[in-house]
Amino acid sequence: LKSAMDDDDMKPSSESSSSPSARHSLESQQQVNIDGGTFESFDDGHRPLTFRNRLNQTKIVRNRHRSAPNCLDVMDNILPLHLIYQIYEDSNGEPAWGTYVTINEAESFAESTAVECNDDIGGRQSLIIAAISKIIQKASPRIQEDIDKYVHGAAVWTLASTLSNEVDYHIDYAELIRYEHNIIVPPLYGCVVHCTDNASIIGGDFMINTDGIDHYEKHGYKCKLASINFDCERSWTTIPYKFNRAILFNGEFPHLSTKLTRMPSDTKRVIIGVNFFTHDVGPIVQLAPEHSPAFVRRVKMHQALSTTFTGNGNANTGGYPFDKIRSNKALRKLFVLAKREKVKQQLREEQIRVTSFVIDSLRKRGPTGASVGTLMKEICNVYTDMRIDDVHVHLNRIFEERSRHGLSKCGHSETNILLSESSDDDNVFDELGMILPAITLQITK
């Protein structure tokens, strides 16, 4: 994923196949095996606005390991009534909003007594953390096993629909990554919770297809490639809308919501949508989850900077000519801010990936751990554009955040990085406060 996300144009590599960059290049291959799945070319008939004038080919991550690949579980009475009523009231006033909850937040909340009390929990984020905590607790043991091992957190949103609304055929995926890199990354699992307590609602049923990505590849984004004949397909399951019902499913299953044909005028059909993302994707989604203010700002920025198009789809060179940019102070400032934001975003994503790499590397080594110097060399071999000094600074920051010297927990928040027993606590840092390359680190929970 890193290689593809670092090269938005997806140009074939001109380097020899024996070079480190070529060996790590994903975009030059039709299908690449990755940890727990494959990374391959894909066409769903849709190109994000940001990629309509590029040669970039859409990619998809599919067939990731799941302990419950056929998961389609219906769980009624999923949330305490006081909680689901609070979520409905909080979501009824706006069409959609989004946030992100780490698994550590949900598990920590479950250990407290707050989720069991009948008083107002208070605060939108607290409401959603409580809801995710309950969903995880009530999921099947196989799902819980995957969440414990692979899941970083959940992108969560609410959607308030009015009469005649429906949701088109689609699969869930990390919207920000698709929008900025044209890579489709489905969640490990998805979930929908029905929040409207009104038995008179007709329509708004949840329909899901258990043929997964194969079905989506045939029909495409919102059926752009082929229409669906529901009468001839047996792989569809229809689940009626019911108050306080949760539907948990494999994140690769395409789905839709039928049209709302009857509902009181003072009522909205409110649902909670949940996408559980793995450790390699979750921290990136967390930066700007779909429907969140951060996501909306990013989308508006891209829309403002995207080239305009003529009716036949060709780039309109009159969209943003250079002389207009040069003579327009506000537009110049917008471009500068956009460039700065892109650089900062790339830095944040790089730091997230390096942190995950370090934690995974130490986890695989077990109690023997690895020296800081060894980790620095491994990181530079994989992330060839990073300087050794920058890697050292980042490792120093990771250790300070996650060691007993500074219990600031973030990112992989359940994980601590400690000195090995063989290390001398009195000789850890040099005169500049940097952790010494000879120091051996190990991981613990």
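Predicted model: local features only at pLDDT ≥ 70, side-chain atom pairs only at ≥ 80, totals over all residues.

Biologist: OK, and which residue does Arg62 form a salt bridge with?

Modeller: Glu40, with the closest N and O atoms 3.2 Å apart. Arg62 sits in strand E3 (residues 59–62) and Glu40 in strand E2 (residues 37–41), so the bridge ties together parts that are 22 residues apart in sequence.

Biologist: Glu40, buried or exposed?

Modeller: Buried, at 12% relative accessibility.

Biologist: Switching topic: what does Asp44 pair with?

Modeller: Arg178, in a salt bridge at 3.0 Å, N to O. That pair links distant parts of the chain, 134 residues apart: Asp44 is in the loop between E2 and E3, and Arg178 is in helix H7 (residues 175–181).

Biologist: How accessible are the two ends, Asp44 and Arg178?

Modeller: Asp44 is buried with a relative accessible area of 0%, and Arg178 is buried too, at 2%.

Biologist: And where do Arg363 and Asp360 lie?

Modeller: Both are in helix H12 (residues 329–365), 3 residues apart, or about one turn of the helix. Arg363 is partly exposed at 37%, and Asp360 is partly exposed at 34%.

Biologist: Last one: how many salt bridges does the count come to?

Modeller: The count comes to 15.

Terms used:
Residues numbered from 1 in each chain as written. Heavy atoms only, no water. Salt bridge = Lys/Arg side-chain N within 4 Å of Asp/Glu carboxyl O. Helix = DSSP H or I, 4+ residues; strand = E, 2+ residues; numbered from the N terminus. Buried < 20%, exposed > 50% of the residue type's maximum accessible area, 1.4 Å probe, protein only.
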